[in-house]
Amino acid sequence: MNNKKEIYLYNRPQKKNSEFIMWMGFPGIYSFSMSSLGYLWMCKTIDELQDVNIERICSDTEKTRFNVNDVKMFGFSFSFDLDFLTIFAMLEKYGIPLKSKERTEGPLVFAGGPVVSANPKPYKDFFDFFIIGDGEDINLTAVNICKNSPDKTSALKRLSEIEGIYVPAYPKRVKKLTKQLKECIYTPIISEDAFFKNTFILEMSRGCANRCGFCLASYLNLPLRCIPYEELLKAIDLGLENTDSIALLGAQISAHPHFHDVCEYIFNKIQSGKDIKMSVSSLRVDAITPHVVKTLVAAGQKTSTLAVEAGSERLRKAINKNLDAEQIFNAVKIARENGLKGLKFYGMIGLPTEEYEDLEEIINLAKKIKKHNKGFEISFGFSSFVPKPNTPFQWCGRNETKLLEQKANFLKKELHKLGISSQISSIKWDYWQAVLSRGDESLCDFVLEVYRQGGKLGAFKAAAKKFKINTDSFATENYSFDKKLPWDFIEISPGKEFLIKENKRLLLDFI
Ligand code: SF4
């Protein structure tokens, strides 16, 4: 596929009689694509088809194997709100018109991933179709349909009849796909040029049963699904035959009933002399046990990230993160006593019902942790609340930018006084994320204009002005439950009534 050093962990069929050519686009540079599990797995499943030639295309791809004129499908992984900027640039690089109605010829352009699964409306003019939800199987169906249809129009008509596919030209209600995870999904190609060099990444679970009110990873992926233990071990063995670096992925991996067994499996291999580096995505506080920490330390991890989300117990309750201060102190103690050098705490500011007292609680928490854990490195990372479609907080507007900046400065200053470093995401960028997140189709021309004007903060402002868009109506406004929402046509498994109930259960006492 290219000259970079890549180890394939699957058998690639010889492509005989194969004239059907497809590109899978990654809106980022090659090294990031090689650490993107979902993207690589999608490419693998299509590559395994005898009669389809697939080529991976990244933003820094210099030379393609196939000519764009021969490409029949061009798919994109769309995982972050701002990915549209890179996707547009990639389409233009190959001379493909951005708006689907201008593409009478050329490939069918489509996208899948969490952003468009949650709300594809701001991007509906640019893609011929969207895959809504877990795309592993439906991708193959889509490829088959496109391969066996005489022209674009008939392909799109047939695609529109498939569950989990949204074709803007044929609007209808779309049911989000939820895959049963019977096998383990992992990075099927290992590369030393990957962002996580030579790392075998595997998915332990999808979704999260904790249901924090703001969390798309949880609500979009209900119910929590765990990969069977035997499948995990098979995948781990395959990975370790090819590399010594392994990463376990999942929104809440510690909820996997065999999380401790997996740690033990790896720990025993290390004890018997195998050199293994292992990392895990951020852990919940209640997952920090001596055994887990010992495994992480033996596998080379020096620090870890703990998501506490909010400083006060009251606010943690309001967002459904039921965690008391004792549990947090205890986790720090276990981490320190079992060999970690430090912890990074992750939180969010501007959550619904947040007051300054809640922020003061973060400082108090930091003070206490620091006092009782001398020499142990602690730091904080914050982002600001962005309301996400299909979550109980989809009706909640975020705080005004000015207020959030004051809150961010307060935290930074107070933590600095304690000698604790903190990183806070850009409040202004988070604002535009929120606009896109709850945006409707009136934003199609807006996003195009943002791209045309260079995609920086100023471009967002200028585009909003040009089209007279009241962006606050998407970002900061509180919505009533009966407001019609742009993504209402997508059916997710919990359903809107359930989200309303969740919202009331969490927030009613506080609003
Ligand atoms: S624990 Fe983490 S992954 Fe789970 S719902 Fe809460 S924020 Fe989301």
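Two strands are taken to pair if DSSP finds at least two bridges between them. On this basis, the predicted model contains an open sheet of six strands. The strand order is β3-β2-β4-β5-β6-β7, and the pairing is mixed. Strands β3 (52-58) and β7 (165-166) form the edges, each pairing on one side only.

Strands of a sheet pair through backbone hydrogen bonds, in either a parallel or an antiparallel arrangement. Strand β2 (residues 20-26) runs parallel to β3, and seven bridges join the two. Within this pair, Met22 has Ile54 of β3 as its bridge partner. Strand β2 is also joined to β4, again in parallel, by five bridges. Here Met24 stands opposite Gly75 of β4.

Strand β4 spans residues 71-77 and is mostly covered. Seven of its seven residues are buried. Besides its bridges to β2, β4 pairs with strand β5 (residues 108-112) in the parallel sense, over five bridges. Phe76 faces Ala111 of β5 across this pairing. Helix α3 (residues 83-93) belongs with β4 and β5 to a β-α-β unit, which is right-handed.

Note on methods
Residues numbered from 1 in each chain as written. Predicted model: local features only at pLDDT ≥ 70, side-chain atom pairs only at ≥ 80, totals over all residues. Buried ≥ 20, exposed ≤ 12 C-beta atoms within 10 Å, placed from the backbone. Helix = DSSP H or I, 4+ residues; strand = E, 2+ residues; numbered from the N terminus. Right-handed = clockwise from strand over helix to strand, strands pointing away.
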